[in-house]
Amino acid sequence: MSIVEKNEFIVTGVEVRPVAGRIGAEISGVRLGADLPPETVQLIRAALLKHKVLFFREQTHLDDAGLEALARLLGNPVAHPTVPIKQGTNYVLELDSSHGGRADSWHTDVTFVDAYPEASILRAVVVPDSGGDTVWANTAAAYEQLPEELRNLADRLWAVHTNEYDYAAHRNTISPEDAKRHKEVFVSTLFETEHPLVRVHPETGERTLVLGHFAKKIIGFSSADSAQLISLLQSHITRLENTVRWRWAAGDVVVWDNRATQHYALNDYGDRHRVVRRVTIDGEAPVGIDGRRSVARVKEAN
């Protein structure tokens with residue numbers, strides 16, 4: 001193993017190929033699991049910081065236990081704060097399209113808590129023959145591309161994030177069963193957290209935008225003005241130049257830096273079946289450019 005540039009390594013037989021210009025890389029020559037050599041783990045972590053999203057094809061050998069073991073190599077896995085884990089696992093969250101598991105709006109995972117996950121690992125179990133792609137956006141690149149005056153404004157702003165958001169408003173169609181399940185399960189405990197709109201990445205030092213569909217309101221602004229500002233900044237995050245799109249096959253695994261990305265699962269496959277399983281890695285409370293940390297405001301059982 002040799003260092004080829006800052007935060008990037010070479011491991012014999014392993015190839016890292018960028019997928020899009022500003023985000024995403026496919027890694028080949030790696031069989032994911034609990035027995036990954038330390039140098040391969042180091043390469044994955046370094047590549048994750050550089051490329052934000054990593055794609056691994058043909059990991060059909062990996063089961064739920066293997067997914068959890070992989071998460072332990074990369075950090076400390078943590079269960080979802082409100083949604084029950086998959087039976088027989090410690091941390092696995094299953095998203096099944098037949099039970100409303102369609103994450104079809106832009107978001108960063110679990111930003112309604114203060115120390116939201118630093119990374120997520122997603123494994124495709126069942127994929128439709130067409131549709132069901134996932135798109136990721138680079139929130140560090142989005143920040144860098146902001147006009148200077150808008151960037152200066154964003155640097156000073158804080159926003160309230162909550163899991164009690166308008167679930168239906170972010171979707172073209174929603175069944176009564178899905179809406180009921182969202183209220184009874186996802187919002188079974190109410191969370192609200194104040195985050196800096198711009199966080200300093202704890203490993204790279206990059207500045208990233210913290211928004212997505214859990215962002216409810218910008219502090220100090222009316223609801224109407226907040227909505228306008230959030231929409232404006234979101235439009236910069238999700239510019240096509242900042243994104244990468246992945247066409248899933250069963251057995252694919254994707255790892256992303258949840259501190260520097262948002263993602264969106266396309267809901268374009270009708271009643272065809274899609275099942276993915278996710279484990280998240282515990283993170284730390286964001287720090288704004290002024291050194292202040294995110295603060296949890298509410299934690300109530302409904």
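Let me start with a term. Buried means under 20% relative accessible area, exposed means over 50%, and partly exposed is in between, using a 1.4 Å probe and protein chains only. Helices (H or I, at least four residues) and strands (E, at least two) are DSSP runs, numbered from the N terminus.

Now the ground rules. This is a predicted model, so local features need pLDDT of at least 70, side-chain atom pairs count only at pLDDT 80 or more, and totals for chains, interfaces and linings use all residues. Residues are numbered from 1 along each chain as its sequence is written, and side-chain values use heavy atoms, with hydrogens and water left out.

How confident is the predictor? pLDDT is its confidence in each residue, from 0 to 100. The mean for the protein chain is 89, and 87% of its residues reach 70 or more. Two stretches to flag. Over residues 1-7 the pLDDT is below 50, and this stretch has 14 contacts in the model beyond near neighbours in sequence. Contact here means heavy atoms within 4.5 Å. Over residues 166-171 the pLDDT is also below 50, with 15 contacts beyond near neighbours in sequence. Where pLDDT is low, the predicted coordinates should not be read in detail.

Next, the overall picture. The protein chain has six helices and 19 strands. Of its 302 residues, 53% are buried. Take the contacts with a separation of 6 or more: residues 24 or more positions apart account for 82% of them. The accessible surface of the chain comes to about 13500 Å², and carbon and sulfur atoms hold 48% of that. That area comes from the Shrake-Rupley method with a 1.4 Å probe.

Now look at α2, residues 64-74. Why call this helix largely enclosed by the rest of the structure? Because eight of the 11 residues of α2 are buried. They are D64, G66, L67, E68, A69, L70, A71 and L74. What covers them? The cover includes α1, β6 (77-78), β8, β16 (253-257) and β18 (275-281). Check the start of the helix too. There, a side-chain oxygen of D63 reaches to within 3.3 Å of the backbone nitrogen of A65.

On to a few loop residues. K52 sits in the loop between α1 (38-51) and β5 (53-56). Phi of K52 is near 75 degrees, a positive value in a residue other than glycine. Is K52 buried or exposed? Buried, because its relative accessibility is 2%. E58 lies in the loop between β5 and α2. Its phi is near 55 degrees, again a positive value in a residue other than glycine. E58 is exposed, because its relative accessible area is 67%.

Then D104, in the loop between β7 (93-96) and β8 (119-126). At a relative accessible area of 6%, D104 is buried. Its side chain makes a polar contact with the side chain of N267, at 3.2 Å. A polar contact is a pair of N or O atoms within 3.5 Å; within protein, one must be able to donate a hydrogen and the other to accept it, and residues adjacent in sequence count only if both atoms are side-chain atoms.

Last topic: salt bridges. By that I mean a side-chain nitrogen of Lys or Arg within 4 Å of a carboxyl oxygen of Asp or Glu. How many salt bridges does a search of the whole structure find? The answer is 23.

First up, E192 and K216, whose side chains meet at 3.6 Å, N to O. This pair links distant parts of the chain: E192 in strand β11 (residues 189-196) and K216 in strand β14 (residues 215-218), 24 residues apart. E192 is buried at 11%, while K216 is partly exposed at 48%.

Next, R259 and E203, with their closest N and O atoms 2.9 Å apart. R259 lies in the loop between β16 and β17 (261-265) and E203 in the loop between β12 (198-200) and β13 (207-209), so the pair ties together parts that are 56 residues apart in sequence. R259 is buried, at 6% relative accessibility. E203 is partly exposed, at 36%.

Finally, D290 and R292 meet at 2.8 Å, N to O. D290 is partly exposed at 49%, and R292 is partly exposed at 45%. One more item: salt bridges that share partners join R45, E118, E203, D257 and R259 into one network.

Definitions and conventions:
pLDDT = per-residue confidence, 0-100.
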